[in-house]
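Colleague: I have a predicted model open and would like a close look at one part of it. Please take it in short steps, and tell me what surrounds it.

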Amino acid sequence: MKNKYIFRSKISEAKFRQIVKLFVLDLDATQISQITGVSRITINRYLMAIRERIAGFCEAESPFQGEIEVDESYFGPRRVKGKRGRGAGSKTIVFGMRKRNGKVYTEIVPDCSKSTLQSIIRGKVDLESVIYSDNWHGYDGLVDVGYNKHYRVNHGKNEFVNGKSHINGIEGFWGYSKSRMSKHRGVHKKYFYLHLKECEFRYNYRNEDLYQKILKILRENPLFLS
């Protein structure tokens, strides 16, 4: 069956477009299955494949330049008894950066150490950029590696805005992502990365036609479902 979005497709192009449209509306697999008449198992396979293409697209985005906010966040159970500290217990640690009035980039990290966080910053952020962060020691020494414009807010002293120094934008993205994942009744750790990148994509292109954007991505790199 001819379908320019999927190799060797077993559904029509019109039916697949309908699935993409419902995905853009943020319906879950059960709802999409009920509307389209396609089995939930098949819908799940399509949605995961679409998310994989979206993740690849996000990873290929250009390095950041300008005014950049950086921060880490923790996804998972609210509290693990007996565990304390950043990323304690079974939480998934995510590092993120956001260009002011621009896009977000996220990456799952094993820890919040200086070497981990700064290696991502050095790989993604232009040296001429202005960096805003909180007072976490993982950001110590950015000036020493060439980021001469690094400004901080001290959340430990209830300082959240100091002139232009704040990380409200990236913190707003964390709130959006957690709220969205909660709406979907949580996300299995195995698929967390794909859902995180979907949040990133939806946020970055929220003012564009997501339906047409996804179709363009899939035309350039069609799905292959064995």
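To get my bearings in the loops, between which two strands is the place of Asn101?

Modeller: Asn101 lies in the loop between strand S3 (92-99) and strand S4 (104-109). Its phi is positive, about 60°, although Asn101 is not a glycine. Asn101 has a relative accessible area of 81%. The cut-off for exposed is over 50%, so Asn101 counts as exposed.

You will find Asp26 in the loop between helix H1 (13-24) and helix H2 (29-36). Its relative accessible area is 15%. Buried means under 20%, so Asp26 counts as buried.

The protein chain has 7 helices and 7 strands. Read from the N terminus, the elements run β-α-α-α-β-β-β-α-β-β-α-α-α-β. The chain has 226 residues, and 46% of them count as buried.

On to H6. This helix has 13 residues. From its first C-alpha to its last, H6 reaches 18 Å, close to the 18 Å expected at 1.5 Å a residue. Of the 13 residues of H6, 12 are buried, so the helix is largely enclosed by the rest of the structure.

Next, the neighbouring helix. Two packed helices are described by the angle between their axes and the distance between the axes. Helix H5 (residues 168-183) packs with H6 at an angle of about 125°, and the axes are 10 Å apart. H5 and H6 are therefore oblique to each other. Their crossing is right-handed.

Ile167 is buried, at 0% relative accessibility. Ile167 and Val70 are 97 residues apart in sequence, yet their C-alpha atoms are 7.0 Å apart in space.

Now the rings. A pair of aromatic rings is described by the distance of the centres and the angle of the planes. Across the whole structure, a search finds 13 aromatic pairs. In one of them, Phe57 and Phe201 have ring centres 6.1 Å apart and planes at 80°, so the pair is edge-to-face. The partners differ in accessibility. Phe57 is partly exposed, at 24% relative accessibility. Phe201 is buried, at 1%.

Phe201 has another ring partner, Tyr205. Here the centres are 5.2 Å apart and the planes are at 45°, so the pair is tilted. Tyr205 is in the loop between H6 and helix H7 (210-220). Tyr205 is buried as well, with a relative accessible area of 3%. Tyr205 and Lys103 are 102 residues apart in sequence. In space, their C-alpha atoms are 8.3 Å apart.

Phe75, Phe173, Trp174, Tyr176, Phe192 and Tyr203 form one aromatic cluster. Phe75 has a charge over its ring: the charged end of Lys178 sits 5.0 Å from the ring centre. A further charge over a ring involves Arg100, which lies over the face of Tyr132, at 3.8 Å from the ring centre.

In short, H6 is largely enclosed because 12 of its 13 residues are buried.

Notes
Residues are numbered from 1 along each chain as its sequence is written. This is a predicted model: local features need pLDDT of at least 70, side-chain atom pairs count only at pLDDT 80 or more; totals for chains, interfaces and linings use all residues. Side-chain values use heavy atoms; hydrogens and water are left out. Rings of Phe, Tyr and Trp (its six-membered ring) pair if their centres lie within 6.5 Å; planes under 30 degrees apart count as stacked, over 60 as edge-to-face and the rest as tilted. Buried means under 20% relative accessible area, exposed over 50%, partly exposed in between (1.4 Å probe, protein chains only). A charge sits over a ring if NZ of Lys or CZ of Arg is within 6 Å of the ring centre and within 35 degrees of the ring normal. Helices (H or I, at least four residues) and strands (E, at least two) are DSSP runs, numbered from the N terminus. The expected span of a helix is 1.5 Å times one less than its number of residues. Axes are lines fitted to C-alpha atoms, for helices over the stretch in contact, and angles run from 0 to 180 degrees between N-to-C directions. Angles under 35 degrees count as roughly parallel, over 145 as roughly antiparallel, 65 to 115 as roughly perpendicular and the rest as oblique. A crossing is left-handed if the near helix is turned anticlockwise from the far one by less than a right angle, and right-handed if clockwise.
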